[in-house]
Amino acid sequence: QSNVKQMSYSVSYWSDFINDWPNIPAQPLSILNTTYFGNGTGNLYTRSSWNTNAIFVHTIAGVYDQSHAHKDQGSFMLNSAGAWLFDDANRRSNSGIDQEEEYHNLVRFSAGGSTVRQVEGAAPSQVVALSDGTYFTYELMNTKPIYNNKAEVVKSEREMVFIKSGAVVLFDRAAANSANVSRIFQLQMSGAPTINGNQLSFTNSNQRADVWRVAPATVSWTTVPVFSGVRAEGVDSNGTQSLFLHVVGVNNKVSSVVADSTATETGARITFADGTIATVRFSNTGRGGTMLLVNNGQTLFNGPLPITVNTFPLYQ
């Protein structure tokens, strides 16, 4: 049932050959799990459903040991109904192998105006926690090892909560050894976004993403041309640690986002258009957090975010 009936380039025709099994009866997509984790490479693929209008999220945190691989550890991508909202800028490059951090959706470290590079062959990034259920997918990634003990990077962690009713929550702990090392949150888009204060909006093929920067509230959005698209950045040069909290709403499914933090946690209260309310908080100094998910008075989830790496079945 793939909508890609033949590979585009002859170098990949082997894939058409080994996957052509005409004697095997077709099965409905509904029997496949909507979340898949490749623990060898650290690729996570998760979607809200198998419908063509579903929301799709990808992250990566694993090995970086191939010459044509990219410096994209800790990055994420977002697609809705087949339209890329936050993609990899390589989709618009001439070669597809522009590997640098500047082309991916991650937090970049910059010292003296030069990016602190991830290192091919370094110890792999780590998926510390991973869980998937009816209402959300959660992942905690530690990408510090991929910097191969470079002094500039003291901490590089990302927590991602994909609330399947229409939001992605990203929390980044990025710490450096000096205030001269900036921490830069970045997003790649195929066109220019609209910016209104701490909120950024982008539309592609009638699909829309709204991004609320909850923390740090003092960091502003700027944009940089990249290939035929745009990179939006939030540069934090205050102190040595950044606690970035962003909430991404898809297709107006999120109606409002407000900060909801404590003395030791950074958090947000997310109100959805259907009445669902999610309160998500993350530890400022440790790892993990909590979430309360309520729909019209019914509690769907209330507790700590999972702390183990779960194994997902291939089938529902």
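Modeller: Let us start with the salt bridge, which is a side-chain nitrogen of Lys or Arg within 4 Å of a carboxyl oxygen of Asp or Glu. The model is a predicted one, in which local features need pLDDT of at least 70 and side-chain atom pairs count only at pLDDT 80 or more, while totals for chains, interfaces and linings use all residues. Residues are numbered from 1 along each chain as its sequence is written, and side-chain values use heavy atoms, with hydrogens and water left out.

Colleague: Why is the pairing of D87 and R91 called a salt bridge?

Modeller: The N to O distance between their side chains is 2.7 Å, and the limit is 4 Å, so the pair qualifies. Side chains of opposite charge can pair when their charged atoms come close. A search of the whole structure finds 15 salt bridges.

Colleague: What makes D87 buried or exposed?

Modeller: A residue is buried under 20% relative accessible area, exposed over 50%, and partly exposed in between (1.4 Å probe, protein chains only). D87 has a value of 1%, so it is buried.

Colleague: How do you know that R281 and D260 link distant parts of the chain?

Modeller: Their side chains meet in a salt bridge of 2.8 Å, N to O. R281 is in strand β21 (residues 276-283), whereas D260 is in the loop between β19 (254-259) and β20 (265-272), 21 residues apart. Strands here are DSSP runs (E, at least two residues), as are helices (H or I, at least four), numbered from the N terminus. R281 has a relative accessible area of 22% and is therefore partly exposed.

Colleague: What joins the side chains of E233 and R108?

Modeller: A polar contact of 3.3 Å joins them. The term denotes a pair of N or O atoms within 3.5 Å; within protein, one must be able to donate a hydrogen and the other to accept it, and residues adjacent in sequence count only if both atoms are side-chain atoms. E233 itself is in strand β17 (residues 229-236).

Colleague: Why is D210 called buried?

Modeller: Its relative accessibility is 3%, so D210 counts as buried. This residue lies in strand β15 (residues 207-215), and a polar contact of 2.5 Å joins its side chain to that of S201.

Colleague: What makes a set of residues a nonpolar core?

Modeller: The set consists of buried Ala, Val, Leu, Ile, Met, Phe, Trp, Tyr and Cys residues joined through side-chain atoms within 4.5 Å. The largest core has 39 residues, of which F76, L78, F86, V168 and L187 touch the most other members. Apart from it lies another core, of 26 residues, including F171 and V257. In soluble globular proteins, nonpolar side chains tend to be buried together.

Colleague: Where does I31 lie, and is it buried or partly exposed?

Modeller: I31 is in the loop between α1 (13-18) and β1 (35-38). Its relative accessible area is 33%, so I31 is partly exposed.
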